[in-house]
Amino acid sequence: MAEMGSKGVTAGKIASNVQKKLTRAQEKVLQKLGKADETKDEQFEQCVQNFNKQLTEGTRLQKDLRTYLASVKAMHEASKKLNECLQEVYEPDWPGRDEANKIAENNDLLWLDYHQKLVDQALLTMDTYLGQFPDIKSRIAKRGRKLVDYDSARHHYESLQTAKKKDEAKIAKAEEELIKAQKVFEEMNVDLQEELPSLWNSRVGFYVNTFQSIAGLEENFHKEMSKLNESLNDVLVSLEKQHGSNTFTVKAQPRKKTKLLSRLLRKKNSDNAPAKGNKSPSPPPDGSPAATPEIRVNHEPEPPSSATAGASLPKSPSQSSLPAVVVETFSATVNGTVEGGSGAGRLDLPPGFMFKVQAQHDYVATDTDELQLKAGDVVLVIPFQNPEEQDEGWLMGVKESDWNQHKELEKCRGVFPENFTERVQ
C-alpha cells in the first residue's frame, strides 16, 4: 500500500508540473498576443543584463587564463629541452659544467613554481568566482517562471471577478492562489534584487586581485629567471675565454655563381676598355651638358649667380647610365650639402646614395669586386648599375673613408654581405 501511495504521490506531482507548464505556456502566448498584461521590472531587467555580461566576461577570462597557463607549461617544456641540449653538448672537461647543470635544475624548479602559483592564486580564484553564477542563473530563470505564475493567477482572479455569473467559492480559491503565487515570487525577487547589484559591483575587486596576482607572479618569475640567465652567461664567458681561439665567426650569405661570373666578365671587359684607368676622362666637346664648369659648395654660402643657378653636375664615368643631377637652388648649405636635397643631390655623398650602414663584424673579401670590412667601418650604400647582378643578401657600396679620400666610385665601390652590417642612417 505504501508503495502504491508513493507512486500515487509521484504521479500527482508529475500531473501538477505538467499543468503548471501548460498554464505558463498559455499565459506567455496571451502576453505575446497582447491579450494579457505582463508585470515589468526595468530595474531588475538591467540587473539581469549586467549579470549576463559579467558571466560572459568571466568565462572569457577563465578561458584566456587557461590558455596562458598552457603556454607557460609549453614554455617550461621548451626551456627544459633547451637546457637538456646544453647539458649534452657541454663536455666534461669544460669549465663550469657543474654550474651549468645546477642552473638548469633551478630553471626547471622556477618554471614549476611559477606555474603552480598561477594555478593557486589565479585559476582557483577564477573557478571560485565563476562557481556562484550557475546557482544565480538558475534562480533568475525560476523567478521568471514564478512571475508568469503570478500573472496567470492574477488574470484568473480578475476574470472570475468580472464574470457575469460569479462563483464566490471559485473567487475565494483564486484569490488564495493569487496570494500564494505573489508571495513565492516576491520572496525570490527581493533576494535577487539584493544579490545581483552586489555581484555586479564585486567584479572590480575580483579583476584587480586577479591581474595583480598574475602581474606580481610574472614579475618575480622574470627577476629570478634573469639571475639564472646572468649566471649562465658568466659560465659561458668563462668557457669562451678558455677556448677563445675557437670562436664562432659570422659568415656571409653565399653569392650565386651565375651572377658572380657575369659580374667578373663585365669587370674584365671594363678593364680592357681604352677609357678605363686612373686618369680622368677626356673632357667632352664644348656645348655638351658635361662640359659646364664643376660646381663646388663651400662651407660659407655665396650668393648664386645666373650662370650657376641652372647648371648641371658632370656625370661620373661609372654612372654614365644615370641622369645628370640638376641643382635647383643654393640658397643655403649645411655641412657641405645642399639643404633639402636628396642623397643624389648632396655633393659630399656618391651619386645615387641611399643610406648608411656600419659593419658589425670583420669581413674578409673573397673576390676583387668585394669590400674588405672592419667592425665599425661606415659604408655608403648605392644602387647596382644593373639590378639583375644583385645577389640576395648583398649590397653595393663604398666605404665612407675611401669616398672622402678619393671621391671616385670606380676605385672604391664594391659589394658586401648585408648581414655583416647594421643600418645607421
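**Charged pairs**

Modeller: Start with glutamate 410, which is partly exposed at 37% relative accessibility. Buried means under 20% relative accessible area, exposed means over 50%, and partly exposed is in between (1.4 Å probe, protein chains only).

Biologist: Which side chain does glutamate 410 meet in a salt bridge?

Modeller: Arginine 413, with 3.6 Å from N to O. A salt bridge here is a side-chain nitrogen of Lys or Arg within 4 Å of a carboxyl oxygen of Asp or Glu. Some salt bridges share partners, and these join Asp135, Arg139 and Glu195 into one network.

Biologist: Where do the model and the numbering come from?

Modeller: It is a predicted model, in which local features need pLDDT of at least 70 and side-chain atom pairs count only at pLDDT 80 or more, while totals for chains, interfaces and linings use all residues. Residues are numbered from 1 along each chain as its sequence is written, and side-chain values use heavy atoms, with hydrogens and water left out.

Biologist: How many salt bridges does the structure hold?

Modeller: There are 12. One of them pairs arginine 154 with glutamate 158 at 3.7 Å, N to O.

Biologist: Where do arginine 154 and glutamate 158 lie?

Modeller: Both are in helix 4, residues 133-161, and they sit 4 residues apart, about one turn of the helix. Helices (H or I, at least four residues) and strands (E, at least two) are DSSP runs, numbered from the N terminus.

Biologist: Is arginine 154 buried or exposed?

Modeller: Buried, with a relative accessible area of 13%.

Biologist: Which side chain meets lysine 399 in a salt bridge?

Modeller: That of aspartate 377, at 4.0 Å from N to O. This pair links distant parts of the chain: lysine 399 is in strand 5 (residues 394-399), and aspartate 377 is in the loop between strand 3 (355-359) and strand 4 (378-382), 22 residues apart. Lysine 399 counts as buried, at 16% relative accessibility.

Biologist: What else is lysine 399 in contact with?

Modeller: Leaving aside neighbours within four places in sequence, its contacts (heavy atoms within 4.5 Å) include Leu371, Gln372, Leu373, Val378 and Val379.

Biologist: Changing topic, how many helices and strands does the chain have?

Modeller: The chain has 8 helices and 7 strands. Buried residues are 29% of its 425 residues.

Biologist: Why do charged side chains pair at all?

Modeller: Opposite charges can pair when the charged atoms of the side chains come close.
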